[in-house]
Amino acid sequence: SRTVTSVDIARPTALRSYARCGFRYYADRVLGLPEVPEYPLEPTPLDRGTLVHDTLERFFGDLLAGSAGDHATGVHGTPVDLTAFDRDTLERRLLAAVETELADLDAPTGDAFGTRWLETLLAGLATPEANPHYGDDHPHEGPDRGVFVRFLDEELDDDDRVLAVESPLDFADGVGDVDDGSAQRDSDDPDPVSHAIDLEAPDGRTVAVRGRVDRVAVEIEGG
């Protein structure tokens with residue numbers, strides 16, 4: 001005769017794991033082997049978004065800090081009009097910002113997948129001599145135009161002018177109605193984002209919104 005001293009209970013999640021892959025179940029739950037981390041073969045969406053965001057932050061930051069020429073200004077709250085710079089200067093500055101951020105990006109960019117991704121960002125920016133991902137001309141299609149070149153096209157479009165502001169605006173009571181600069185951040189305020197706009201939701205609840213506006217789109221009317 002045989003005496004049963006204990007009974008193993010299989011949970012539904014364990015059964016699903018075994019159904020997906022018996023060997024993985026054995027390695028994980030029987031042998032207790034740690035799961036091998038996955039290493040992506042190309043930059044992830046998070047990597048891509050981080051690079052673009054950090055590049056543009058550095059690009060505008062350099063212009064606003066006064067390191068990009070005579071048109072830059074160190075005065076808090078003074079907008080910088082990108083149309084005041086020549087296009088070649090802007091493209092060189094933007095390429096330099098990309099290269100700086102790429103050096104700190106922890107993502108695979110040296111293989112064919114990474115190279116193609118960089119071309120989608122950098123094609124047509126600055127010059128082929130300065131930009132290794134400048135791209136080539138294609139018959140009947142013209143040269144490649146990457147994300148950053150098209151970004152400058154939009155920024156320099158007179159019909160949708162975007163002004164970079166060094167000193168961010170705070171969301172404060174009535175900020176939407178203030179256009180005289182009085183809504184600028186108070187340097188003496190120890191917590192400049194402590195103020196909030198109260199918005200009423202459709203269900204009657206009140207939602208407090210806090211934050212800063214770091215870029216303002218200005219539509220130019222009347223030419």
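**Exercise 1. Confidence along the chain**

Task: In this predicted model, determine which elements of the chain have the lowest and the highest mean pLDDT.

Step 1: Where pLDDT is low, the predicted coordinates should not be read in detail.
Step 2: For the chain, the mean pLDDT is 75, and 64% of the residues reach 70 or more.

**Exercise 2. Overall organisation**

Task: State how many helices and strands the chain contains, and in which pattern they follow along the sequence.

Solution. Step 1: The secondary structure consists of six helices and seven strands.
Step 1: Along the sequence, these give the pattern α-α-α-β-α-α-β-β-α-β-β-β-β.
Step 2: Of the contacts in the chain with a separation of 6 or more, 60% join residues 24 or more positions apart.
Step 3: Of the 223 residues, 27% are buried.
Step 4: The chain exposes about 15400 Å², of which carbon and sulfur atoms supply 51%.

**Exercise 3. The largest nonpolar core**

Task: Identify which element gives the most residues to the largest nonpolar core.

Solution. Step 1: The largest nonpolar core has 27 residues, and those with the most contacts inside it are Phe 59, Leu 90, Leu 94, Leu 125 and Phe 148.
Step 1: The elements giving two or more residues to this core are helix H3 (45–64), helix H4 (87–104), helix H5 (112–122) and helix H6 (147–155).
Step 2: H3 gives the most, with six residues.
Step 3: H3 itself has 20 residues and spans 29 Å from its first C-alpha to its last, close to the expected 28 Å.
Step 4: The buried residues of H3 are Asp 47, Leu 51, Thr 55, Leu 56, Phe 59, Phe 60, Leu 63 and Leu 64.
Step 5: In an α-helix there are 3.6 residues a turn, so residues three or four places apart point the same way.
Step 6: Leaving aside residues up to four places away in sequence, Phe 59 touches Leu 90, Arg 93, Leu 94, Ala 97, Phe 151 and Leu 152.

**Exercise 4. Aromatic pairs**

Task: Determine how many aromatic pairs the whole structure holds, and describe the geometry of the pair of Phe 60 and Phe 151.

Solution. Step 1: A search of the whole structure finds three aromatic pairs.
Step 1: In one of them, the ring centres of Tyr 18 and Tyr 25 are 5.4 Å apart and the planes stand at 90°; an angle over 60 degrees counts as edge-to-face, so this pair is edge-to-face.
Step 2: Phe 60 and Phe 151 also form an edge-to-face pair, with 6.3 Å centre to centre and 85° between the planes.
Step 3: This pair links distant parts of the chain, with Phe 60 in helix H3 and Phe 151 in helix H6, 91 residues apart.
Step 4: Both Phe 60 and Phe 151 are buried, whereas Tyr 25 is partly exposed, with a relative accessible area of 23%.
Step 5: Ring pairs join Phe 59, Phe 60 and Phe 151 into a cluster.

**Exercise 5. A loop histidine**

Task: Decide whether His 133 is buried or exposed.

Solution. Step 1: His 133 lies in the loop between H5 and strand S2 (137–138).
Step 1: The relative accessibility of His 133 is 15%; buried means under 20%, so His 133 counts as buried.
Step 2: Beyond four places in sequence, His 133 touches Thr 115, Leu 118, Glu 119, Leu 122 and Ala 123.

Key:
Residues are numbered from 1 along each chain as its sequence is written. This is a predicted model: local features need pLDDT of at least 70, side-chain atom pairs count only at pLDDT 80 or more; totals for chains, interfaces and linings use all residues. Side-chain values use heavy atoms; hydrogens and water are left out. A nonpolar core is a set of buried Ala, Val, Leu, Ile, Met, Phe, Trp, Tyr and Cys residues joined through side-chain atoms within 4.5 Å. Buried means under 20% relative accessible area, exposed over 50%, partly exposed in between (1.4 Å probe, protein chains only). Helices (H or I, at least four residues) and strands (E, at least two) are DSSP runs, numbered from the N terminus. Contact means heavy atoms within 4.5 Å. Accessible areas come from the Shrake-Rupley method with a 1.4 Å probe; for residues, only the protein chains shown count as cover. The expected span of a helix is 1.5 Å times one less than its number of residues. pLDDT is the predictor's confidence in each residue, from 0 to 100. Rings of Phe, Tyr and Trp (its six-membered ring) pair if their centres lie within 6.5 Å; planes under 30 degrees apart count as stacked, over 60 as edge-to-face and the rest as tilted.
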